[in-house]
Amino acid sequence: MPKTVGSLTYDLSGVLGEGSLGTKVYRGRHADGRSVAVKVMLKTVVPEHRAMRELQLMQTLAEGEGRGRQHVIQYRCLEEEEGPQGRVLLGMELCEGGSLYDVIAVRQQRIPHRHQVRIVRELCEAVAFLHEHQIVHRDIRPRNILFKQASGYEGTLKLTDFGLSKDLETRNVDQSFSVTTTQAGTEIGSFGYYAPEVYRMERPTAKVDIFSAGCCVFYTLSKGGTPFADPQQPLNKYLLNVNIQTGKHDLGPIARSHPEAVELVTSMIDIEAKARPSMQQALHYPLFWSDETRFQFLCAVGRQEDVMTSKPAAT
């Protein structure tokens, strides 16, 4: 049965996914005929000021410029029902390729190496764009990484769900990690993606996103793994969280297939927030080097046989 609020109509049978704090996202349509994704937030669950903050952050990003902007979900419109029991509807860009979680865990598709690296690069570019505009996402995980086109992983990556995001330039009492935030992440499957400082409820910095993105890099390259899972009990969430808070990880699953990614992931998931690179720095790691850059590096420091093997083809 279709529901209409203002300019947005959505179908309760067309659930696309779930957002933070138990919100749901439906397939819908704007009054102008465009297909959209509609995030429905109940005021009884999501305080109105949180919904408005998400709207303001998305508007800020929509107006921003720079590398990575195309990898952040775009805002369309906001509609609201009157009264404390009403709903707040956020119209957003529709992504039809599913999430990274859908591709790897649900459909169990094998992503080719070149697309793995592209996905990781586009994710890092999206996060760098957020940080350039002083916004920390705080809930980066495979379910919040979408693909624009129906072709799935071959489509353009889009980072979504800003329900827990914060503006780093705002100084107010709602800027720390609350118990509610941590519990929300626990309920919606963020195990393995929250940085150690989240559990210590420290003031959020951009480095929490670096940690989460690093775990997503590993997830992509390892075909669904997490660096902090216990090898003997990979589904044990208690051990997973203990390993996160003690810095115990295993990058073996990507060491052979993506040796150039090991240093990147190691630095991104460092237990000490200050030791993690900025996302701009992360984008300069060897995993993202072009063939020409690799060749130039080998010319400078490599052995002759390595240089000849890696010499880029003439174009």
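View 1. The residues lining the largest pocket divide into 15 nonpolar, five polar and six charged, where Ala, Val, Leu, Ile, Met, Phe, Trp, Tyr, Cys and Pro count as nonpolar, Asp, Glu, Lys and Arg as charged, and the others, Gly among them, as polar. The model is predicted, with local features needing pLDDT of at least 70 and side-chain atom pairs counting only at pLDDT 80 or more, while totals for chains, interfaces and linings use all residues. Residues are numbered from 1 along each chain as its sequence is written, and side-chain values use heavy atoms, without hydrogens and water.

View 2. A pocket is an open set of points on a 1 Å grid over the protein atoms alone, where a 1.4 Å probe fits, with protein on both sides within 12 Å along at least five of seven lines, and its lining residues have an atom within 4 Å of a point. The largest pocket has a volume of about 560 Å³, a volume being the space filled by probe spheres set on the points, which are joined across faces, edges and corners. Among the 26 lining residues, Tyr193, Tyr219, Gly224, Gly225 and Thr226 are the closest to its centre.

**View 3. Helices beside the largest pocket.** Helix H2 (100–106), helix H6 (207–221) and helix H7 (237–246) each supply at least two lining residues, helices being DSSP runs of H or I with at least four residues, and strands runs of E with at least two, numbered from the N terminus. The largest share, three residues, comes from H2.

**View 4. The second largest pocket.** About 460 Å³ of space lies in this pocket, and of its 24 lining residues the closest to the centre are Leu16, Gly17, Glu18, Arg143 and Leu146.
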